[in-house]
Amino acid sequence: ADIISTQDHTVVEKEGYLLKAKIADGGKKLRKNWSTSWIVLTARKMEFYKESKQPALANLKPGYKPECVDLCGAQIEWTPEKSSRKNVFQITTVSGNEFLLQSDIDFLILDWFHAIKNAIDRLPKE
Ligand code: I3P
């Protein structure tokens, strides 16, 4: 009980705003609808919130669950063919959810891509 965990999965690795569009849910295609999302990346998952102050509020609300992406076994790839926007990549989860993420700011989207890819590569595949 006195051991301090070095694998605290709740530690925030990265957070910030990106444009997000969920394009499939459980393998079923959805109509693309881009919206700004506050994204919180931890070792195992990403959480999507509407605003940066929501994660703190969510801790106070027992019933509140943000949209959540399990990164175990997930895939990440650049998908320029899936949008007229630049700098778009896709995350596909084991459960068949597909998310597009985008920013016009090159360094910002590259940082996100590498942070998420590193998280996926560190995790077991299922
Ligand atoms: C979609 C909307 C999206 C666009 C998408 C359109 O129209 O304009 O922004 O995606 O293109 O279908 P609607 O709002 O009527 O659903 P991009 O901005 O990523 O290009 P798509 O069908 O080629 O994906």
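Figure 1. How many Å lie between an oxygen atom of the ligand and an N or O atom in the side chain of S83? The answer is 2.4 Å. Before looking further, please note that this is a predicted model, in which local features need pLDDT of at least 70 and side-chain atom pairs count only at pLDDT 80 or more, while totals for chains, interfaces and linings use all residues. Residues are numbered from 1 along each chain as its sequence is written, and side-chain values use heavy atoms, with hydrogens and water left out. Around the ligand you will find R31, K32, W34, S83, S84 and R85; a residue is near a molecule if one of its heavy atoms lies within 4 Å of it. By class, this shell holds one nonpolar, two polar and three charged residues. Here Ala, Val, Leu, Ile, Met, Phe, Trp, Tyr, Cys and Pro count as nonpolar, Asp, Glu, Lys and Arg as charged, and the others, Gly among them, as polar.

**Figure 2. Polar atoms facing the ligand.** For R85, the distance from a polar side-chain atom to an oxygen atom of the ligand is 3.3 Å. On its own, the ligand exposes 510 Å², and the protein buries 46% of that. Such accessible areas come from the Shrake-Rupley method with a 1.4 Å probe, and for residues only the protein chains shown count as cover.

Figure 3. S83 sits in the loop between strand 6 (75–78) and strand 7. Strands (E, at least two residues) and helices (H or I, at least four) are DSSP runs, numbered from the N terminus. Is S83 buried or exposed? S83 counts as buried because its relative accessibility is 13%, where buried means under 20% relative accessible area, exposed over 50% and partly exposed in between (1.4 Å probe, protein chains only). A polar atom of the S83 side chain also lies 2.9 Å from the backbone nitrogen of R85. The loop between strand 6 and strand 7 holds N87 as well. N87 is not a glycine, yet its phi is positive, near 60 degrees. For context, most residues other than glycine have a negative phi.

**Figure 4. Q90 and its two partners.** Q90 belongs to strand 7 (residues 88–92). With a relative accessibility of 2%, Q90 counts as buried. Which side chains does the Q90 side chain contact? One is that of K82, in a polar contact at 2.7 Å; another is that of E98, in a polar contact at 3.5 Å. A polar contact is a pair of N or O atoms within 3.5 Å; within protein, one atom must be able to donate a hydrogen and the other to accept it, and residues adjacent in sequence count only if both atoms are side-chain atoms.

**Figure 5. The largest pocket.** The volume of the largest pocket is about 350 Å³. On a 1 Å grid over the protein atoms alone, a pocket is an open set of points where a 1.4 Å probe fits, with protein on both sides within 12 Å along at least five of seven lines, and lining residues have an atom within 4 Å of a point. Grid points are joined across faces, edges and corners, and the volume is the space filled by probe spheres set on the points. This pocket has 18 lining residues, and K45, E47, Y49, N59 and P66 lie nearest its centre. Strand 4 (45–49) and helix 1 (54–60) each give at least two residues to the lining. Sorted by class, the lining has eight nonpolar, four polar and six charged residues.

Figure 6. K28 is in strand 2 (residues 28–29), and K28 is exposed because its relative accessible area is 59%. Although 68 residues separate K28 and G96 in sequence, their C-alpha atoms are 7.9 Å apart. T79, in the loop between strand 6 and strand 7, counts as buried at 0% relative accessibility. The C-alpha atoms of T79 and K28 are separated by 18 Å, with the two residues 51 apart along the chain.
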